[in-house]
Amino acid sequence: MRLRNVVLVLGDQLTTDSAAFDAFDPSCDAVWMVEVPEEATHVPSHKARIALFLAAMRHFRDALRQAGRTVYYRQLDDPANRGSFAAELAEFVQTHRPARLLVVEPGEYRVEQALRQTAARCQVPLEVRPDRHFLCSDQQFRQFAKGRKQLLLEHFYRHLRKQHRVLMDGDKPVGGSWNYDAANRKSFGRAGPPAVSPPRRFLPDQTTRQVLELVQQRFPDHPGQLTHFDWPVTAAQAEEALQEFVTHRLAHFGPYQDAMWTDQPYLYHSRLSAAMNLHLLDPRRVIGAVEAAYRAGTVPLASAEGFIRQVLGWREYIRGIYRLHMPDYAHSNHLDARQPLPAFYWTADTPMNCLRQAIGQTLDYGYAHHIQRLMVTGLYALLLGVAPRQIHEWYLAVYVDAVEWVEMPNVLGMSQFADGGLMSSKPYIASGKYIQKMSNYCRGCAYDPQQATGPKACPFTTLYWDFLMRHEPMLAANPRTLMQVRNLQRLSPSQRQAIREQAQRLRPLPLVDDASGGGGYGDMGGGVARAD
Ligand code: FAD
Ligand code: SF4
């Protein structure tokens with residue numbers, strides 16, 4: 001019998017709640033899933049990122065088959081593997097001649113284009129259905145964005161809180177305030193973090209172990225390592241991870257969400273982004289569990305609100321930006337940044353302790369928390385002036401939760417100000433003193449965050465002042481950065497000159513074309529921005 005509908009399930013769409021499964025009839029419909037090398041190599045993916053996708057896909061495939069669904073599945077190690085979605089899909093359509101292909105909106109513009117073009121070439125109808133994993137549809141986001149020059153999170157978030165009745169008392173926010181950010185920016189002080197309950201670990205079962213071996217053997221030169229692999233790879237494990245977080249760590253999440261500490265990669269963070277991004281975990285379920293814990297009196301409001309703001313607010317908002325502004329968004333470079341990405345981003349081999357910590361744990365675990373991404377690795381790239389494309393490709397490669405819809409606006413918009421302020425009203429800039437306040441990294445560093453020039457000058461502090469000088473007119477015209485420019489104006493011409501020279505020494509390599517990708521991976525001999 002001829003196949004009727006074939007549901008294309010991509011590696012970040014691992015749920016049967018998806019619209020592509022609506023009216024699925026096992027007697028005439030089937031599922032298509034493929035593991036293709038192109039997805040691991042178009043940026044040089046961290047080994048743990050590749051392994052997480054493949055392990056979760058194989059578990060999902062097995063669950064579908066157990067439920068009686070036909071799954072056409074191509075493994076990476078199949079000698080017949082054609083290498084890309086486009087080639088695999090074309091071959092499948094020619095062989096099986098399905099009447100129609102169904103897919104939900106892919107998380108990456110490039111993939112959606114590849115599927116559409118292949119279907120058109122093979123003359124098979126492809127229906128792309130809305131992704132209802134997300135609470136905000138494309139249409140709703142377009143409505144929100146209409147007529148606004150700047151798309152600020154706060155308006156969007158409050159609207160979703162009201163619409164979905166999250167943390168509301170009637171038409172008022174619970175507790176009387178929409179925002180508890182002021183209570184949520186604590187550092188640990190000299191004593192360090194209060195006792196941390198470590199996240200639940202999911203040790204690899206046989207399916208995952210086979211994937212780990214395959215990845216190690218197939219991608220030995222890719223960044224990162226697999227030794228610590230313990231991510232949830234099924235919906236049931238993701239649910240356990242959620243319960244563990246809400247019970248043991250959520251209460252401390254709020255106040256300490258911006259804090260960092262040596263050798264503590266997770267602190268009070270949830271580690272749920274990867275499970276949500278693969279759709280093993282529904283954001284409504286996460287928001288509901290967190291609100292329920294607050295209503296039961298087990299976590300403070302500031303922690304519950306702070307966490308819900310991330311999932312209901314930031315996560316939905318970031319996706320809206322991506323879908324509204326692609327494909328042009330990928331070429332954003334408002335600050336005309338053209339420095340190559342320093343090679344130490346791929347090795348953690350740098351004397352700057354904060355970067356060594358943030359990048360080191362990224363290579364070890366495929367994870368860094370938000371402030372490490374924004375105010376350590378992102379900040380250094382912004383201040384140095386790294387070409388947005390290169391830093392974007394690095395983030396897309398090295399985090400287990402990286403899918404382009406969420407990675408790209410966070411990098412180009414929030415962290416690099418490459419979109420010229422579409423998302424944030426000012427660039428997130430700070431000197432080394434911010435890192436000193438929020439962590440203990442500076443205590444173990446060869447540099448001094450108070451100094452901008454001289455042999456012990458902290459590169460962040462040097463580059464901060466240099467950034468203010470390089471972008472002085474733009475920052476002076478913005479009321480939110482005017483104060484920083486006023487401080488700059490207190491510097492004498494000779495102090496300015498000394499900072500400029502010191503900053504230039506941190507940029508030893510020639511400029512790159514702002515469209516150039518690659519970021520020096522595989523060519524790690526040059527460009528290590530050592531300050532000594
Ligand atoms: P928690 O700190 O426990 O936060 C809870 C949840 O809120 C996260 O799981 C995530 O789903 C959501 N969330 C928080 N902040 C954001 C945000 N800014 N955008 C979207 N969702 C958010 N997140 C990704 O999922 N994938 C990425 O590739 C990614 N790249 C980033 C790159 C940069 C430069 C920056 C600044 C942020 C990036 N983020 C990304 C957002 C955020 O850093 C991660 O979601 C978070 O660190 C994941 O860890 P967690 O699950 O422990 O999060
Ligand atoms: Fe980072 Fe500067 Fe602190 Fe060293 S002194 S850890 S480079 S902020």
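A search of the whole structure finds six cavities of 30 Å³ or more. A cavity is a set of points, on a 1 Å grid over the protein atoms alone, where a 1.4 Å probe fits but cannot get out. Volume means the space filled by probe spheres set on the points, with grid points joined across faces, edges and corners. This is a predicted model: local features need pLDDT of at least 70, side-chain atom pairs count only at pLDDT 80 or more, and totals for chains, interfaces and linings use all residues. Residues are numbered from 1 along each chain as its sequence is written, ligands are numbered from 1 in the order in which they are written, and side-chain values use heavy atoms, without hydrogens and water.

**View 1. The domains of the chain.** The assignment, taken from an automatic or database source, gives domain 1 (5-129), domain 2 (138-196 + 249-325) and domain 3 (330-516). The C-alpha centres of domain 2 and domain 3 lie 25 Å apart. In contact (heavy atoms within 4.5 Å) are 33 residues of domain 2 and 30 residues of domain 3.

**View 2. The largest cavity, about 400 Å³ in volume.** Domain 1 and domain 3 both give residues to its lining, so the largest cavity lies between them. Lining residues have an atom within 4 Å of a grid point. The largest cavity has 26 of them, and G11, E39, R49, F53 and F85 lie nearest its centre. Helices α1 (37-41), α2 (47-66) and α4 (109-122) each supply at least two lining residues. The largest share, five residues, comes from α2. Helices here are DSSP runs (H or I, at least four residues), numbered from the N terminus. By class, this lining has 15 nonpolar, four polar and seven charged residues. Ala, Val, Leu, Ile, Met, Phe, Trp, Tyr, Cys and Pro count as nonpolar; Asp, Glu, Lys and Arg as charged; the others, Gly among them, as polar.

**View 3. The second largest cavity, with about 90 Å³ of space.** It is lined by 13 residues, and C354, C442, C445, C458 and F460 are the closest to its centre. Helices α13 (353-365), α17 (432-438) and α18 (459-470) each give at least two residues to this lining. The lining divides into 10 nonpolar, two polar and one charged.

**View 4. Ligand 2 and its shell.** Ligand 2 takes the space of the second largest cavity. A molecule sits in a cavity if more than half of its atoms lie within 2 Å of the grid points. Around ligand 2 are M352, C354, G432, I435, Y441, C442, C445, Y447, P449, C458 and F460. Each has a heavy atom within 4 Å of the ligand. This shell holds 10 nonpolar residues, one polar and no charged.

Note on methods:
On a 1 Å grid over the protein atoms alone, a cavity is a set of points where a 1.4 Å probe fits but cannot get out, and a pocket is an open set with protein on both sides within 12 Å along at least five of seven lines; lining residues have an atom within 4 Å of a point.
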